[in-house]
Structures are given as structure tokens and as C-alpha cells.
Amino acid sequence: MVPLMSLWITVVIFLLGIPRDDCAQIIGGRESVPHSRPFMAKITGSELCGGTLIESNWVLTAAHCEITNQTKVILGIHSEKDLTKQVFKVNREIPHPYFDSVTKENDIMLLQLDKEAKLNKNVAIVNWAYGDLQEGTQCLVAGWGVIESESKIPSDVLREVNVTVIARSTCNDQKHYDRHPPVTMNMVCAGDKKGGRDACTGDSGGPLICEGEQRAIVSFGKNCGESQYPGVYTLLTYKYSNWIKSVIQGSL
């Protein structure tokens, strides 16, 4: 019979040997609990992007996401197999009038859906707020993008990863983006100083969630998951808040 102390030591060693996070991920993250992010929108067509539902017939995304007549916006989805999904066409695409495709300044866009979404436990309007984010703020980014930087195959299920806000001065220094392009006051960097946690191809337009509120939009990056190049997001500022409200109110 195995002595109690020996058995206890064996169990402890076994538990310490279990990896904390051994699943395939967005870049260094995990599969989301199904329908735990009911505000997420999957935008499909010529390319894959993410977005968030901010009104029953309006989705917020990135201006660099390409929208065509074949584009579909899908709500209430975790996996393509879901029967809960609601599918929409884009009635109008409204990129920010001063979006710069080179610098990615003003990388923000509104999509008016062809009909109103049916709000329920799987489809909900996102809570969002504007204002700057302090270095070290803990946030989360989610999407259906590729799970490895070398891969071209997007994830079938929604995934998410925890990231940390990094100072603009750090992102702009010679060891990082070196101001090519510059990370401006309308942008925010987030990732991991050691690398390995990031959004990637197909996650553009998705939300950066901090303390339960959307605070930014996935915009651009370089070599997904590398510590040298953390993800860069369009920060939801007072200026963008007013623009969002003016567009939506002007359409009523």
C-alpha cells in the first residue's frame, strides 16, 4: 500500500506538470466560451474581418476592411455550425472621411445592416466608452482570425486573448515601429512585452475590450505575436464618439 505522504507528493508533481494553456489559439489565447461575446460580428466576403454591434442595425469595424456586394455580416455566431446565427447584408458602408490607408490614421468604419438584428442572449449591443488607456491596462481581443502567423486558415470558432496596453513611446521607439507608421494619439498599442499574445490576419475590425467595455478597434500590426511589433488599435476617442453618433443619428 502506497504511504499517504508519497501519494500526495505524486499528485502534486503531476499537477505541476500540466500546462496552464495547452490549446491552439488566436495568437497565444484560447477558445471563447460559446456566445459569451454576443456583441461580436463576423464579416465575411472577399476578406475576413471582425466587428461589434453598436446599435440593432449598425456594426463598428475598421475602415481598411474591404466591403463588397458579397459581404455578409453574421451575428450570434461562435462556430459556422451554429443555428443561432443571424445573417445580414450591408446596406451602407461609411468609412471615416479622413481614413489614410498608408498611415492607418482614422481606421474606423460603420456598417448599416439591411435590417435590424433580433436581440437575445446570443446577440447583444456592445458596451463601449471613449478615452485614453494607461500603460499596463489589462484588456482582451477576440476574433476568428488565423491562429498561427504563418497560417492562412482562419479559426472556425471565436477565440480571445488577454493583452496589455503598451506605452506609445515604446511602440514608436527604434526597437519597435520606429514611427513607421507613427502610433498617434488616435491609436493604442497592446500585446505582451515577451510576445506571443496578439490579434492576427482576419481579426481586423474586432474589439479591444477593457474592463467590460470596448475601447478600441483592431487596426494593424506586423509579424503577429512578435514582441517587437505589438498590435496597434484605433482608440475610441471623444472625436470618434461624436462621429459615430452623428452618422447614426443622421441616418434616422
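## Close-up views of a predicted protein model

**View 1. Here is the lining of the largest cavity.** His-35, Ser-36, Arg-37, Pro-38, Met-40, Gly-76, Ile-77, His-78, Asn-122 and Leu-158 line the largest cavity. On a 1 Å grid over the protein atoms alone, a cavity is a set of points where a 1.4 Å probe fits but cannot get out, and a lining residue has an atom within 4 Å of a point. The space inside is about 50 Å³, where volume is the space filled by probe spheres set on the points, with points joined across faces, edges and corners. Four of the lining residues are nonpolar, five polar and one charged. For these classes, Ala, Val, Leu, Ile, Met, Phe, Trp, Tyr, Cys and Pro are nonpolar, Asp, Glu, Lys and Arg are charged, and the others, Gly among them, are polar. Searching the whole structure turns up one cavity of 30 Å³ or more.

A word on the model: it is predicted, so local features need pLDDT of at least 70 and side-chain atom pairs count only at pLDDT 80 or more, while totals for chains, interfaces and linings use all residues. Numbering runs from 1 along each chain as its sequence is written, and side-chain values use heavy atoms, with hydrogens and water left out.

**View 2. Now for the largest pocket.** About 280 Å³ of space sits in this pocket; a pocket is an open set of grid points with protein on both sides within 12 Å along at least five of seven lines. It has 20 lining residues, and Cys-200, Thr-201, Gly-202, Ser-204 and Gly-221 come closest to its centre. Strands S12 (213-220) and S13 (231-235) are the elements that give two or more residues to the lining; strands are DSSP runs (E, at least two residues) and helices are too (H or I, at least four), numbered from the N terminus. By class, the lining has nine nonpolar, eight polar and three charged residues.

**View 3. This one shows the largest nonpolar core.** A nonpolar core is a set of buried Ala, Val, Leu, Ile, Met, Phe, Trp, Tyr and Cys residues joined through side-chain atoms within 4.5 Å. Buried means under 20% relative accessible area, with exposed over 50% and partly exposed in between (1.4 Å probe, protein chains only). Among the 40 members, Val-73, Leu-75, Leu-110 and Ile-244 touch the most others. Several elements give at least two residues each, including strand S5 (72-75), strand S7 (109-113) and helix H3 (238-250). H3 brings the largest share, five residues. Another core, of 15 residues, lies apart from it, with Val-161, Ala-190, Ala-199 and Cys-210 among them.

**View 4. Zoom in on Gln-86.** You'll find Gln-86 in strand S6. Its relative accessible area is 14%, so Gln-86 is buried. Beyond residues up to four places away in sequence, Gln-86 touches Val-73, Ile-74, Leu-75, Ala-117, Lys-118, Asn-120 and Val-123; a contact means heavy atoms within 4.5 Å. Gln-86 and Ala-117 are 31 residues apart along the chain, yet their C-alpha atoms are separated by 7.4 Å.

**View 5. Last stop, Asn-57.** Asn-57 sits in the loop between strand S3 (49-55) and strand S4 (58-61). Asn-57 counts as buried because its relative accessibility is 17%. Its contacts, leaving aside neighbours within four places in sequence, are Leu-111, Gln-112, Leu-113, Lys-115 and Glu-116.
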